[in-house]
Amino acid sequence: MKSLSGKISMLCLAVSTVLLVLLDQVTKQAALKFLKGQESVTLIEGVFELQYLENRGSAFGMLQGKRTFFIVMAALMLVLIPYIYAKIPLTRHFLFLRITAILFLSGAVGNAADRILHGYVIDFFYFSLIDFPVFNVADIYVTVSASLLILLMLFYYTDEDFEQIRLLPGHSRKAS
């Protein structure tokens with residue numbers, strides 16, 4: 001049976017993910033209501049705009065029309081990330097790793113919800129200064145979590161830290 005702290009940690013994952021997905025979906029609904037069919041709204045001239053876009057692919061417009069693939073991948077993340085999250089030690093040292101998992105899961109679920117509900121992902125943030133592809137809040141979650149994971153792996157966590165995360169029962173990563 002799982003410890004109380006383990007149950008609280010999983011509840012934290014669930015509640016945080018729901019709240020972050022809700023924020024993502026509220027912003028997308030606002031974009032749908034106020035931006036669809038309209039000219040882009042300039043917030044900072046030559047730098048940042050709000051621009052409605054229906055993205056049927058992934059980041060940077062790749063894999064256009066692969067809706068089923070993205071839904072299956074999101075379902076896989078919905079199982080895999082909570083499993084890994086549950087294996088992360090419940091110490092302050094691993095807080096950043098747990099936050100990274102929450103952000104990644106929230107981004108995957110937020111964009112999957114769009115694909116299921118609309119058949120595409122609603123994007124609306126546009127950095128015109130660098131002509132960056134249009135993106136949304138869920139994309140921010142995924143990008144921040146991927147960047148954070150890379151930084152944590154390079155500069156914060158050690159191999160010994162990752163040894164503490166037992167993904168398979170009775171499995172030891174140390175070579176004999």
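Predicted model: local features only at pLDDT ≥ 70, side-chain atom pairs only at ≥ 80, totals over all residues.
Me: What makes up the protein, in terms of helices and strands?
Reply: Happy to start there! The protein has five helices and three strands, and along the sequence they come in the pattern α-β-β-α-α-β-α-α.

Me: How do you know that the span of helix 1 agrees with its number of residues?
Reply: Helix 1 covers residues 4–34, which is 31 residues. The expected span is 1.5 Å times one less than the number of residues, so helix 1 should span 45 Å. Its end C-alpha atoms are 45 Å apart, and therefore the two values agree.

Me: Why is Val18 called exposed?
Reply: A residue counts as exposed when its relative accessible area is over 50%. Val18 has 54% relative accessibility, so Val18 counts as exposed. Val18 lies in helix 1.

Me: Which residues of helix 1 are buried?
Reply: Among them are Gly6, Leu13, Val21, Asp24 and Ala31. To be called buried, a residue must be under 20% relative accessible area. In the whole protein, buried residues make up 36% of the 176 residues.

Me: Where is Ser106 relative to Val18?
Reply: Along the chain they are 88 residues apart, yet their C-alpha atoms are separated by 7.5 Å.

Me: What share of contacts joins residues at least 24 apart?
Reply: Taking contacts between residues at least 6 apart in sequence, 67% join residues at least 24 apart. A contact here means heavy atoms within 4.5 Å.

Terms used. Residues numbered from 1 in each chain as written. Heavy atoms only, no water. Helix = DSSP H or I, 4+ residues; strand = E, 2+ residues; numbered from the N terminus. Buried < 20%, exposed > 50% of the residue type's maximum accessible area, 1.4 Å probe, protein only.
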